[in-house]
Amino acid sequence: YQRNNCNGGGTLTDLVKPGVAELSIELHNFISSLVFSNNSQLDSDQPFETIGNAFRFAFALGFQSDSRVSLSSKRKDIGVRGFRPEEFRILIEDIAFSEGLSLGAVISEYAESGAIQMKKYFDNEKSILQLLDETP
């Protein structure tokens, strides 16, 4: 294929659908708990302003480590206002095309892996932001 002139006259962008950004319900609940709110304690480990930001961080961890995890059948979407898969098209479009997946499906697998890494840190009583010190 060619990026801007695929067989059949369409573009790669036409062939790869946006899809939806999702996480397994357990990890969705976990990253939701990392979002700072008016009821949060100042010393709590809630470094994110929105679930979209927490999801982006999880995606970045998974993408940086080139690690993807398939989601279980029980999932919850991040929401269009929280995360738009199209914003990351340039990073994953070729992967999505070659595997016949949507952008959201590929992004979700990277984010699932990153959220697992985040949860391991949290479960070991380490600050989520310490992950920044340990990633290359």
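## Close-up views of the predicted model

**View A. Polar neighbours of Ser108.** A polar atom of the Ser108 side chain lies 2.6 Å from the backbone oxygen of Gly104, and the backbone nitrogen of Glu22 lies 2.7 Å from a polar atom of the side chain of Ser108. A polar contact is a pair of N or O atoms within 3.5 Å; within protein, one must be able to donate a hydrogen and the other to accept it, and residues adjacent in sequence count only if both atoms are side-chain atoms. The structure is a predicted model, in which local features need pLDDT of at least 70 and side-chain atom pairs count only at pLDDT 80 or more, whereas totals for chains, interfaces and linings use all residues. Residues are numbered from 1 along each chain as its sequence is written, and side-chain values use heavy atoms, with hydrogens and water left out. Ser108 is placed in helix H5 and is buried, at a relative accessible area of 2%. (Buried means under 20% relative accessible area, exposed over 50%, and partly exposed in between, for a 1.4 Å probe and protein chains only.) When residues up to four places away in sequence are not counted, Ser108 touches Val20, Ala21, Glu22, Leu23, Phe55 and Leu71; contact means heavy atoms within 4.5 Å.

**View B. Ser102 in the loop between H4 and H5.** A polar atom of the Ser102 side chain is 3.0 Å from the backbone nitrogen of Ala105. Apart from its neighbours within four places in sequence, Ser102 is in contact with Lys17, Pro18, Gly19 and Ala96.

**View C. The crossing of helices H4 and H5.** The axes of H4 (residues 89-99) and H5 (residues 103-123) come within 9 Å of each other and cross at roughly 105°. The two helices are therefore roughly perpendicular to each other. Axes are lines fitted to C-alpha atoms, for helices over the stretch in contact, and angles run from 0 to 180 degrees between N-to-C directions. Angles under 35 degrees count as roughly parallel, over 145 as roughly antiparallel, 65 to 115 as roughly perpendicular and the rest as oblique. On the H4 side, Arg89, Ile92, Glu93, Ile95 and Ala96 take part, and they meet Leu103, Val106, Ile107 and Tyr110 of H5. By class, this contact of H4 with H5 comprises 7 nonpolar, no polar and 2 charged residues. (Ala, Val, Leu, Ile, Met, Phe, Trp, Tyr, Cys and Pro count as nonpolar, Asp, Glu, Lys and Arg as charged, and the others, Gly among them, as polar.)

**View D. The packing of helices H2 and H3.** H2 (residues 25-32) and H3 (residues 51-64) pack at an angle of about 115°, and their axes are 9 Å apart. His28, Ile31 and Ser32 of H2 make the contact with Ile51, Ala54 and Phe55 of H3. Sorted by class, the contact of H2 with H3 has 4 nonpolar, 2 polar and no charged residues. Ser32, in helix H2, is partly exposed at 30% relative accessibility. A polar atom of the Ser32 side chain lies 2.8 Å from the backbone oxygen of His28.

**View E. Pro47 in the loop between H2 and H3.** Pro47 is partly exposed, with a relative accessible area of 33%. Its contacts, leaving aside neighbours within four places in sequence, are Leu34, Ile128 and Leu129. Pro47 and Leu34 are 13 residues apart in sequence, and their C-alpha atoms are 6.4 Å apart in space.

**View F. Positive phi values at Asp66 and Glu125.** Asp66, which is not a glycine, has a positive phi near 50°. Asp66 belongs to the loop between H3 and strand S2 (75-77) and counts as exposed at 61% relative accessibility. The phi of Glu125, also not a glycine, is positive at about 60°. Glu125 lies in the loop between H5 and helix H6 (130-134) and is exposed, with a relative accessible area of 77%.

**View G. The protein as a whole.** The protein contains 6 helices and 2 strands, which follow the pattern α-β-α-α-β-α-α-α along the sequence. Helices (H or I, at least four residues) and strands (E, at least two) are DSSP runs, numbered from the N terminus. Of the 136 residues in the protein, 38% are buried. Among contacts with a separation of 6 or more, 73% are between residues 24 or more positions apart.
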